[in-house]
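Here is a colleague's note to read alongside the model.

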Number of protein chains: 2
Amino acid sequence: MVDITFLLRKYGYKVTPQRVAIYEMLASTRVHPSAEMLFQTLLPQFPAMSLATVYKTMDIFKTVGIVTVINVGEESFRYELTTDHHPHLVCIRCRSVEDAIWSEGVDYKPWLLRQFDFILHTQQLFFYGICKICNDTEVR
Amino acid sequence: MVDITFLLRKYGYKVTPQRVAIYEMLASTRVHPSAEMLFQTLLPQFPAMSLATVYKTMDIFKTVGIVTVINVGEESFRYELTTDHHPHLVCIRCRSVEDAIWSEGVDYKPWLLRQFDFILHTQQLFFYGICKICNDTEVR
DNA sequence: TTGCTTGCAAAGTTTTTGCAGGCGC
DNA sequence: GCGCCTGCAAAAACTTTGCAAGCAA
C-alpha cells in the first residue's frame, strides 16, 4: 500500500480529490477496471467529473509506476495497481479478469537471455478460458 | 501451411484476390503486422484497396481459425497465422514482436484447474524487454 | 498569487457498419 | 444471374488534446 498523497507530491504533482479517489478505487477492487468503469464508479461521488481526468490520472500513475496497463484483447485498456508479477485469468464468457497467485512462477529471465539474447524487463501472462463461476452456472 | 482457397470454400466464403493476398502476406512475414501495416503493404498490388477489407478479412480468418489476434499494449491489434502456442518477445525500444520457440513450454492446464477451477482454452505470454538488435546497437 | 488541474468540447485513432456497384461461382 | 465482396464514406468506440476557469500550495 502506497501513500498516494506523499507519492504525488514527491513527483511534483498536486494532490486532488479526484486523483485520491481514483487511487482508492483501484486499491479497493480486483476487477481491473477500464477508464470507463472507473469513470462510472466515481460519477456519484464527482457528478461533474470527466473521462479525460481519468485518462490524465492514469498517465500520471503510469509515470509514477503505481499503475500497470493490461489489455486482454478488448477494445479498451484495463488498469491495476502495480504488484509483483502474476498471470491473469481472463474468462472468455463473462469477460472477468482475475489475478492468479504465482508462487510456483518460473523465472524466464535466464532462458530468454541465453536463447534469444533478450533482456527481460516485465512480462504479461494471460490465460483465456472459463472461470469457476461461469462453469458452475453453465446451462447443461 | 494451409490451402487458403480450399479453406475459404469449405466455410462458404468466396475466394478473392484480396483475401488470398492478405493470407500470403501473413504467411510470408514474421513481423506480426497490424491492419494498417497489411493495408500499406498491399496497396501497391491493390491500389484501390480499402482498410475495411483488411478488417473484414481478419474477421473471416479469425472465424476460420487461421489467424490469432495479439495485443502487446499498443493502440492497434496485430495479427499472425495461428500456430502452436509460443510466447512473444516484445522489444520496448523498437516495438518489434518476435516469436519465441517454446519447446520447454510448461503445461499450465492442470495447475489452473486445480488451483482456480479455471478451464484453460488458450494462453498468451508476452515478454517485454530489449531485443538482441537493440541491445547490440545501443549507444554506450 | 502562481501555475498545475479540471471539465468540457473538439479532434485524433482505430475499428465497425451500411450501401451501391462489382465479381466469384 | 444470384448473392457475397469490395471500396467508399459515415459512424462508432476509445483516447488525446486545447483551453478557460478553478483550486492546491
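1. Start with the domain contact. In chain A, 13 residues of domain 1 are in contact with 11 residues of domain 2 (contact means heavy atoms within 4.5 Å). Domain 1 of chain A covers 1-83 and domain 2 covers 85-140; these bounds come from an automatic or database domain assignment.

2. A word on the basis. This is a predicted model: local features need pLDDT of at least 70, side-chain atom pairs count only at pLDDT 80 or more, and totals for chains, interfaces and linings use all residues. Residues are numbered from 1 along each chain as its sequence is written, chains are lettered from A and ligands numbered from 1 in the order in which they are written, and side-chain values use heavy atoms, with hydrogens and water left out.

3. Domain 1 and domain 2 of chain A bury about 860 Å² between them, 47% of it on carbon and sulfur atoms. Buried area is the accessible area (1.4 Å probe) that two parts lose on being put together, summed over both. On the domain 1 side, H32(A), V72(A) and T83(A) lose the most area, together 47% of what that side buries.

4. Now DNA strand D. It is surrounded by 20 residues, each with a heavy atom within 4 Å of the strand. The closest are Y55(A), K14(B), T16(B), T53(B) and K56(B).

5. Two atom pairs deserve a look. A side-chain N or O atom of T53(B) is 2.7 Å from a phosphate oxygen of DNA strand D. A polar side-chain atom of K56(A) lies 3.1 Å from a base oxygen of DNA strand D.

Note on methods: A polar contact is a pair of N or O atoms within 3.5 Å; within protein, one must be able to donate a hydrogen and the other to accept it, and residues adjacent in sequence count only if both atoms are side-chain atoms.
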